[in-house]
Amino acid sequence: MNFIFTPPNLYIFLLIPAAAAAMILRPRERIFSLRLLIYFFLFLIILSPRLELSKPNKKKPAVGIFIDGSLSMGISERTDNALRTARQLYSALKSEADLAFYKFSDRIEKIVYENLNGFAADGESTDLSKVIRDTRYHGKIIISDGRYNEGINPLNVNEINSVPIYVTGPGGGNRSVDLGIGDLKIPGFGFRGEKIDIDFKISAGGSPKENETMVYLKEKGKLIDSRRIEISGKKEIPVNLSFTPDKVGLKNYNLEVKALAEEINEANNIRNFQVNINRKKIRILYVAGRPSWEYSLLRRLLKSDWQIDLVSFLILRNPANRTIVPENELSLIHFPAREMFTKKIDDFDLLIYENFSYKRFFPQAYLSHIKKFVNEGGAFLMMGGKESFAGGNYSGTPLEDILPVDIAESSGWKTETFRAKVKKDSRHPVLDIAGDPEISEALWRDMPPLTGYDENLKAKDGATVLLEGPGGGRLFLHYQNPGVGAAQP
Amino acid sequence: MVFKKLNLILISALMTAVFAGSPLQADDFSAGNSGEKFIYAQLKFKGSWDPYPEAHKLISYYFTKTTSMEMPSERKILTLSDKELFYFPFLVFTGRGGYPEFTEDQIRNLRRYLRGGGIILLDTSGDDEFGKSAERTFRRAFPEKEFKKIPQYHAVFRSFYLVDYVSGRTLNRPYLTGLEIESKIAVIRTDNDIIGIWPQDKTGNPTYAYIPGKPGQQKEGIKLTLNIMIYSLSGTYKSDDVHQPFIKEKLRR
């Protein structure tokens, strides 16, 4: 209870003794007293003192009681024991604390104490770390069998909070049969075509009737390795499985231990993991529309690098060309466009088109595969020439979507000698050919001149212009990142 | 790591494209263009350097009509002192008789030209004096190198046509020899007067007699000339695995 003396009340309260005093005093003393009274009132008006009387706050601490409601608590008398414990806690603490009851499994939900009788252990999984991280209370009491199978290991919860946690088990009955996967050791990455080992341990609880079970390793539901393991009399069984990936990318795998007939909890029989599969070598598919010095020199460079696998196709002859010898005296082969662009394109990391027009070799629909390839992480380089961009009929095709330039309907090919200039303040690593920006810039300045360009090419919004052509406005080299991959003209 | 490497390749690819994109200056020919046309360049020196002044015209015709490349009918004549030399990566070097030695600067340019990716077709035509002078020239430029026989399975014999035998106007030597520089055969030598097979009179007959006149001598000479030119643009392309089954099958027939 608080009493507050506001100034008006206080003035009335003080006027009473003042009036009484005025009645009994002599006139001279009255005047003196009245002056004192006036000074006193002025003091009160100016400083407005308040008198507040209050008792210290004795609010009770908030305590959360979290009862495990997952399926494993339904075994034997665990739930009954847990509820009995909860009721005992209520009786003991209700006068000392504000108690709130919760049921937890994969989520936390508030329950009313009076409805504890209707409590059911029906949660599909247990995430103890979620309960530990809850900071709403001054203290927490957890009633659980400790079988977590979701979230991180509660012992590894990193958040430091000062909320005291008390844990009690439900007890009840003999230890039940349960297999679980733990201590999983997987490499973060691997290489296509190279064996990857997966090591883990299977914990065996209770006294199962079966002597053995199976362990499976799957990718997208497809079995890639399995092992039969002996479990009789063992509490922990180390297991090794392995596989050899044949595709690159971030791959999802899952380990699965076949559940025993009397197993109480099958959720911990499965573990999912990811491995990033890389290529040991970088694979490049290089298609050139005709023999050229570019092809000759670039091919030599790429072939000289042992980390690069180069597959190239060079169009040596067009349908319009004549032949002076029988077909069997030509070394030419059919260009396997369908196979390359619909089936094998994902085997490559980089696709290069140099002065190549697709129209004579395959339908536009194949270009969608290239777009998908780039959006899924592949790289694409289109090197100019009369048969590239508009000259190669790429305007309005799926390739235009991944290229950083707008392709006009008609080619603006112009034969003109010019030097490409590094765009001001451009610092892209592609330009840093010497490993030092200043030296690189000087090297770019001293490059031999180029002899042609498409003046109709314009950079798309969002594309980065790295080099400029004639007049500063012509575009030479652009870069953008449409998906994960990159495309460059 | 893969993407870092990929970036390096892209840098290299772009760089190579830039270097490669400038083998000639457009102003040299009205329609000349590096990426689009193949320019027949011929070396001029103090001596008899041009035994067949018209040969390149018919070569141009055949090359343009039978391959996906275009070759202007005009040739480019260059000396080892010309700065433009480095814009023309294919150079024909032929002649008659000995010639005065090149200067040190010219030898330096020759060395730089071949190390930088240039390819020379050396046709001695079986002329001993010219052959000896040429050997001396290349020995000065590359003292540690020597001409070696080019095996019949080399890409130069398969770059466009399947060549049966090493032909020319004469059949002085049944094989080609080559000087390997920077891991590729940069100088291809024939002693069979391969350029001499091309000149024709107005009626279409060979201007110079073929010796000994073996069946297919002209056709094989034409095939080999064009193959050498395509090889200069395609390198060892025809040695790639993807071609081998087809080539073996055709050779087996």
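In chain B, strand β1 (residues 41-43) runs parallel to strand β3 (residues 90-94), and two bridges join them. Keep in mind that what you're looking at is a predicted model. Within that pairing, B:Q42 has B:V92 of β3(B) as its bridge partner. Here's a quick tour of the sheets, a pair of helices and the nonpolar cores.

**Chain B: overall make-up and sheet**

- Chain B holds six helices and seven strands.
- Starting at the N terminus, the elements of chain B come in the order α-β-α-β-β-α-β-α-β-β-β-α-α.
- Its open sheet of seven strands is ordered β2-β1-β3-β4-β7-β6-β5, and the pairing is mixed.
- At the edges sit β2 (76-78) and β5 (148-149) of chain B, each of which pairs on one side only.
- Of the 253 residues in chain B, 47% are buried.
- Take the contacts in chain B between residues at least 6 apart in sequence: 77% of them join residues at least 24 apart.

**Helix α3 of chain B**

- This helix covers residues 104-115, which makes 12 residues, and its first and last C-alpha are 16 Å apart, close to the 16 Å expected at 1.5 Å a residue.
- Which residues of α3(B) are buried? They are B:N109, B:L110, B:Y113 and B:L114.
- Those four take up an arc of only 125 degrees around the axis, so they end up on the same side of α3(B).
- The packing partners of the buried residues of α3(B) are β4 (119-123), α4 (128-141), β6 (177-181) and β7 (184-190) of chain B.
- Just past the end of α3(B), B:G117 adopts a positive phi of about 115 degrees.

**Chain A: the β9-to-β12 sheet**

- Chain A has an open sheet of five strands in the order β9-β15-β14-β11-β12, again with mixed pairing.
- Why does this sheet leave one side of β9 (189-191) and of β12 (222-230) without a neighbour? Both stand at the edges with a single partner strand each, so one side of each has no neighbour in the sheet.
- From one strand to the next, the twist averages 30 degrees.
- Inside this sheet, β11 (residues 212-219) and β14 (residues 249-257) of chain A are antiparallel and share five bridges.
- A:L217 stands opposite A:L255, which belongs to β14(A).

- β3(A) and β4(A) run parallel, paired over seven bridges.
- A:I67 faces A:K103 of β4(A) in this arrangement.
- β4(A) also pairs with β5 (residues 108-111) of chain A, this time antiparallel and over four bridges.
- A:K103 turns up again here, with A:E109 of β5(A) as its bridge partner.
- The link from β4(A) to β5(A) is a hairpin through three residues.

**Helix α3 of chain A**

- α3 (residues 78-93) of chain A has 16 residues and spans 22 Å from first C-alpha to last, close to the 22 Å expected at 1.5 Å a residue.
- A:R78, A:T79, A:A82 and A:A86 are buried in α3(A).
- Looking down the axis of α3(A), you'd find the buried residues within an arc of 95 degrees, so they line one face of the helix.
- On the other side of α3(A) are the exposed residues A:R87, A:Q88, A:S91 and A:A92.
- The buried residues of α3(A) pack against β3 (62-68), β4 (98-104) and β6 (139-143) of chain A.

**Nonpolar cores**

- The largest nonpolar core contains 102 residues, and A:I284, A:L351, A:I352 and B:I120 have the most contacts inside it.
- Helix α5 (residues 217-234) of chain B supplies the largest share of this core, with eight residues.
- What does B:I120 touch, leaving aside its neighbours within four places in sequence? Its contacts are B:L91, B:F93, B:L114, B:A186 and B:V187.
- Another core, of 18 residues, lies apart from the largest one, with A:V63, A:F66, A:I132 and A:Y137 among its members.

Definitions and conventions
Residues are numbered from 1 along each chain as its sequence is written. Chains are lettered from A and ligands numbered from 1 in the order in which they are written. This is a predicted model: local features need pLDDT of at least 70, side-chain atom pairs count only at pLDDT 80 or more; totals for chains, interfaces and linings use all residues. Two strands pair if DSSP finds at least two bridges between them. Axes are lines fitted to C-alpha atoms, for helices over the stretch in contact, and angles run from 0 to 180 degrees between N-to-C directions. A nonpolar core is a set of buried Ala, Val, Leu, Ile, Met, Phe, Trp, Tyr and Cys residues joined through C-beta atoms within 7 Å. A residue is buried if 20 or more other C-beta atoms lie within 10 Å of its own, exposed if 12 or fewer, and partly exposed in between; C-beta atoms are placed from the backbone. Two residues are in contact if their C-beta atoms, placed from the backbone, lie within 7 Å. The expected span of a helix is 1.5 Å times one less than its number of residues. The arc is that of the directions from the helix axis to the C-beta atoms.
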